[in-house]
Amino acid sequence: AVAAGGTLGILIPPSAVFIIYGIMTQQSIGKLFLAGIFPGILLTLLFIISIYVICQRNPSLGPAGPAVSFKEILMSLTGVGETLVLFFLVMGGLFVGLFSPTEAGGIGAFGALLLAIIRRQLVWRYFIIAIEQTIRTSCMIFIIVSGAVVFGRFLAVTRIPFELASWVESLPLPPVLILVIILLIYGIGGLFMDSLAFMLLTVSIFFPVAMKLGYDPIWFGVIIIIMTEVGAITPPVGVNVFVIKGIAQDVPIEIIFKGISYFIIAFVLCIIFLILFPQIALFLPGFMR
C-alpha cells in the first residue's frame with residue numbers, strides 16, 4: 001500500500017515529471033498540474049477501495065485498530081493545515097492566472113521557508129542540507145531534460161516520429177485501440193528499465209502519434225504519467241518497491257511485489273475511466289486563464 005501510494009507524488013502537483021513532459025512537448029505546465037488533480041484523487045479513491053476489498057477478503061492483512069472519535073480525527077489534521085493553505089495558494093494562483101508556474105514554484109518555496117521559520121523548525125544545518133538536495137535534484141532534472149531534448153531533435157531530423165505517426169494513422173484500427181497499444185508498450189518498457197527514462201526516450205515518438213489521432217496533449221500527458229507510475233512498482237525495476245524493501249527489511253521483496261499486484265487493477269481502472277471520461281483530467285485546465 002505504501003509503495004503504490006508513493007506513486008501519487010508524480011501525479012498530484014507539483015510534479016517534476018509533469019514539468020519534464022511539458023518542456024518536451026511544449027505544453028502548459030500549469031494546465032498539466034491542474035490536470036493531475038482529479039485523476040490523482042480518483043486513483044487515491046481506487047487505492048482505498050482496493051485496500052477495503054483486500055481486507056474484507058483477508059482481515060488479517062489489515063486488522064481493525066482502536067476506535068477513534070471524529071473530534072480526534074479533526075485534531076490529527078491540525079498539523080497539515082498550513083501545508084494545505086500553501087498548496088491552495090500556489091495552485092489557486094496558477095488556476096486564476098495570478099502567476100506563472102515558475103513564479104508559483106518560487107512562492108511555494110518561500111512559503112515553505114516562512115512556515116519553517118514560524119514553527120521554529122528550521123536550523124542552519126538543515127537549511128544547508130535542503131539547499132544541497134535542491135541543487136542536486138535541479139541539476140539531475142536539467143541534465144535529463146537536456147539529453148531528452150537533444151535526443152528529440154535527432155529524432156526530428158530523422159523524421160522517424162512523423163513517419164511512425166503517419167503509419168499508425170493509416171492503420172485500419174480505431175484510435176482507442178492504437179492508444180491501448182501505446183500504453184501496453186509503456187507498460188512493457190517499464191518492466192525492463194526506469195519508467196521515467198523510458199518516457200523520455202519514447203514521448204518524442206508517441207506524442208506526434210497521439211496528436212495525429214486527435215487526442216488532447218494535456219490528457220495524453222496524464223495518461224502517460226500514470227503509466228510511468230505503474231513502472232515504478234512493477235518488477236524487476238520497481239523503484240518504489242526496492243525503497244520499501246530497504247525500510248521494511250524483514251519483509252521479503254517477492255511478498256511486496258505480490259501485494260503490489262492488487263493495486264495494478266486500480267491503475268488499470270483509472271486509465272479506463274480517463275479514456276471513457278477525458279473531462280476528469282481536462283475539467284480544471286479548461287478554467288485556467
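I'll start with F47, which counts as buried because its relative accessibility is 6%; buried means under 20% relative accessible area, exposed over 50%, and partly exposed in between, with a 1.4 Å probe and protein chains only. This is a predicted model, where local features need pLDDT of at least 70 and side-chain atom pairs count only at pLDDT 80 or more, while totals for chains, interfaces and linings use all residues. Residues are numbered from 1 along each chain as its sequence is written, and side-chain values use heavy atoms, leaving out hydrogens and water.

Now the rings. The structure holds 8 aromatic pairs. Rings of Phe, Tyr and Trp (its six-membered ring) pair if their centres lie within 6.5 Å; planes under 30 degrees apart count as stacked, over 60 as edge-to-face, and the rest as tilted. F47 and F263 make an edge-to-face pair, with 5.5 Å from centre to centre and 85° between the planes. That pair links distant parts of the chain, 216 residues apart: F47 sits in helix α4 (residues 37-57) and F263 in helix α14 (residues 253-276). Helices here are DSSP runs of H or I, at least four residues, numbered from the N terminus. F263 is buried as well, at 5% relative accessibility. Ring pairs join F47, F263 and F267 into a cluster.

What about Y215 and W219? Their ring centres are 5.2 Å apart and the planes are at 25°, so this pair is stacked. Y215 is buried at 17% relative accessibility, and W219 is buried at 3%.

Leaving aside neighbours within four places in sequence, E229 is in contact (heavy atoms within 4.5 Å) with T7, L8, I10, L11, L43 and F267. E229 is buried yet has no salt bridge, and the nearest side chain of opposite charge, R57, is 22 Å away. A salt bridge needs a side-chain nitrogen of Lys or Arg within 4 Å of a carboxyl oxygen of Asp or Glu; for charge, Lys and Arg count as positive, Asp and Glu as negative, and His and the chain ends are not counted.

Next, helix α2 (residues 16-25). Of its 10 residues, 7 are buried, among them F18, Y21 and M24. Q26 follows α2 and has a positive phi, near 60°.

Last, V180, found in helix α10 (residues 175-192). V180 counts as partly exposed because its relative accessibility is 32%.

Notes. Helices (H or I, at least four residues) and strands (E, at least two) are DSSP runs, numbered from the N terminus.
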